[in-house]
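Hello,

Here is the structure you asked about, with the sequence alongside. My notes on what was found in it follow below.

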Amino acid sequence: MDLSDLTIKQALQSLKEKKFSTRELVLANFERIEKFDQDISAFLTVCKESALKEADEADKLIARGKAAGSLTGIPYSAKDVFSVKGVKTTASSKILENYIAPYDATSIKKLKEAGAILIGKTNHDPFGFGSSTENSDFKITKNPWNKNKVPGGSSGGSAAAVASGMGIFSLAEDTGGSIRQPACFCGVTGIKVTYGRVSRFGVIAYGSSLDTIGVITKTVEDAAILLKEIGGRDENDATTLNEPVPDYLKTIDQSIKNLRIGIPKEYFTKGINKEVEALIKEAIKEFEKLGAKIEPVSLPYTKYAIPAYYLSGISEVSANLARYDGIRFGYSQKDAKDLKSLYFESRAKGFGPEVKRRIMLGTYALSAGYYDAFYKKAQQVRNLIKQDFDKVFEKVDILIAPVSPFPAFDIGEKAQDPLQMWLADIFTVTINPAGIPGLAIPCGFTSDNLPIGLQLIGPRLSEPILFKAGHAFQKITDWHKSKPNLK
Amino acid sequence: MAKDLIRKQVEHVAELAHIGLTEKEIEKFREQLSAILDFVSKLEEVNTAKTKALSQTTGLKNVFRQDIVKPSFTQEQALMNAPDQYKGYFRTKKVF
């Protein structure tokens, strides 16, 4: 048994049965990092010393039969936007290159309390700005299935890490597809939750009305286990929901017979790669075999989702990133002559090109004379996109759509053209403005052996149904079990 | 909507955003931002005369909590990432 292949469920069971120790499990994951991450470049920071210390403590608890945490001994990684007390938290941007978080994000705190062990922080596009992880100021992460390809983004390091057996799961963040698209490109599972389901406290902000915290895992079942742990109301995040967090495992094995699944025609347009389309259609047949009722539906405002999403997102960016002033934390230009130069020069040197582009576009969209035409217009279209979903969910329970119109693309292919990079998010950005959840799961491989994923989309707080449907699919398929052959 | 930005507009936005730009960056961003603004102007096609703006999806309003004093950062923690400090204060450059 290769310990780095295990799911959370399998690892918990084996730890309980004392088939191996937590230390052995954690070391097996570090062995993969030491062997392959030089090349894959998924990690920005590795926390071996603290992880082994925590592993030994977990082993003591397990030996005494006192492992109270529901995730005791499970090694995981976190995207480098999550504040971890005493650990470098860079947002993959030079402006935070030496920033040490003075406190834990709520999700990190909850995982710690449940006994999970952080093994490192993963690379991503800075502040979540990108779809390939190439915008990171520190390194380019490679796709473990084909090292000439991008792992997707923005959470590319997280997805590559999970696919490579470096940590059993990764804590990540999705503002417009940043969990689902890299999960799809790397052949793993990813959940983008209902807005407000998981606290954003302590997570470096991108667009505050769109940001959601979720996980990248090996199976749907593991995602269900984790959401129960990290979800819930948080006094430190006023946008968290009051609704109780259900025990997703209780309903995950239920039949999906007669579940009404809509296929939105706008997601199967001319631009979609033929192999992607064929694999999604094959997967839809599997859902039919499971007893689901498939019907065509329409979301007419889909074509406006990219501009509406980006205008909303970048406007929030321009406000959120105003805090990087070179005074309280982050990069600071030493020889600036006065305060204004300190702001201008620190931000000029600390931010990379995509970050500058987004701040400037957002500033423009909010500036006098353009606010109504850009920001307000985008918020109105956002409402129409949400209404599209509201209407469609009166007729069907969930939707099936591709995650991305194409498989992982070449490193460098879109890096020089920011607009082309934005357009890669065409099928994922739609749900963030509406605040609804989406679950990305692997559903096959192209002829070049690149993973393809589909997403299940449901109304607000429909995570139990998404997990049930995704799990039903993973029970009758093996796509999620395929592993890249790392050398 | 002005779709093709002129240099002056790029400089103005950079000024508002407090980002210093090099000559080369001004020209590069002028082209790239113009292309993106042209693309997002697609929203003009949508009739939104009767549509309300939607800025959030939770429906939550006025979320309050008890105003209880709790331990917070120590002075040391608050200053631990400060690029420059003086006697327990953040030190900045002169304003004028």
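Chain B of this predicted model is built from three helices and two strands. Read from the N terminus, their order is α-α-α-β-β. The radius of gyration of chain B is 22 Å, well over the 12 Å that the globule rule gives for 96 residues, so chain B is more spread out than a compact globule. Its C-alpha trace spans about 55 × 45 × 20 Å along the principal axes. Of the 96 residues in chain B, 17% count as buried.

Next, the contact between the chains. Chain A puts 54 residues into it, and chain B puts in 44 residues. On the side of chain A that touches chain B, the elements giving two or more residues are H10, H11 (339-350), H12 (353-366), H13 (372-395) and H14 (418-423), which are helices of chain A. H13(A) supplies the largest share of that side, with 11 residues. By residue class, the side of chain A that touches chain B has 31 nonpolar, 12 polar and 11 charged residues.

Last, the nonpolar core. The largest one has 163 residues, and A:Tyr76, A:Met360 and A:Ile398 have the most contacts inside it. Helix H10 (residues 305-320) of chain A gives the largest share of this core, eight residues.

Which residues of chain B does A:Met360 touch? They are B:Val13, B:Ala14, B:Ala17, B:Ile19, B:Phe29 and B:Leu33.

Regards

Terms used:
Residues are numbered from 1 along each chain as its sequence is written. Chains are lettered from A and ligands numbered from 1 in the order in which they are written. This is a predicted model: local features need pLDDT of at least 70, side-chain atom pairs count only at pLDDT 80 or more; totals for chains, interfaces and linings use all residues. Helices (H or I, at least four residues) and strands (E, at least two) are DSSP runs, numbered from the N terminus. The radius of gyration is taken over C-alpha atoms; the globule rule is 2.2 Å times the number of residues to the power 0.38. A residue is buried if 20 or more other C-beta atoms lie within 10 Å of its own, exposed if 12 or fewer, and partly exposed in between; C-beta atoms are placed from the backbone. A nonpolar core is a set of buried Ala, Val, Leu, Ile, Met, Phe, Trp, Tyr and Cys residues joined through C-beta atoms within 7 Å. Two residues are in contact if their C-beta atoms, placed from the backbone, lie within 7 Å. Ala, Val, Leu, Ile, Met, Phe, Trp, Tyr, Cys and Pro count as nonpolar, Asp, Glu, Lys and Arg as charged, and the others, Gly among them, as polar. Lists of a residue's contacts leave out its neighbours within four places in sequence.
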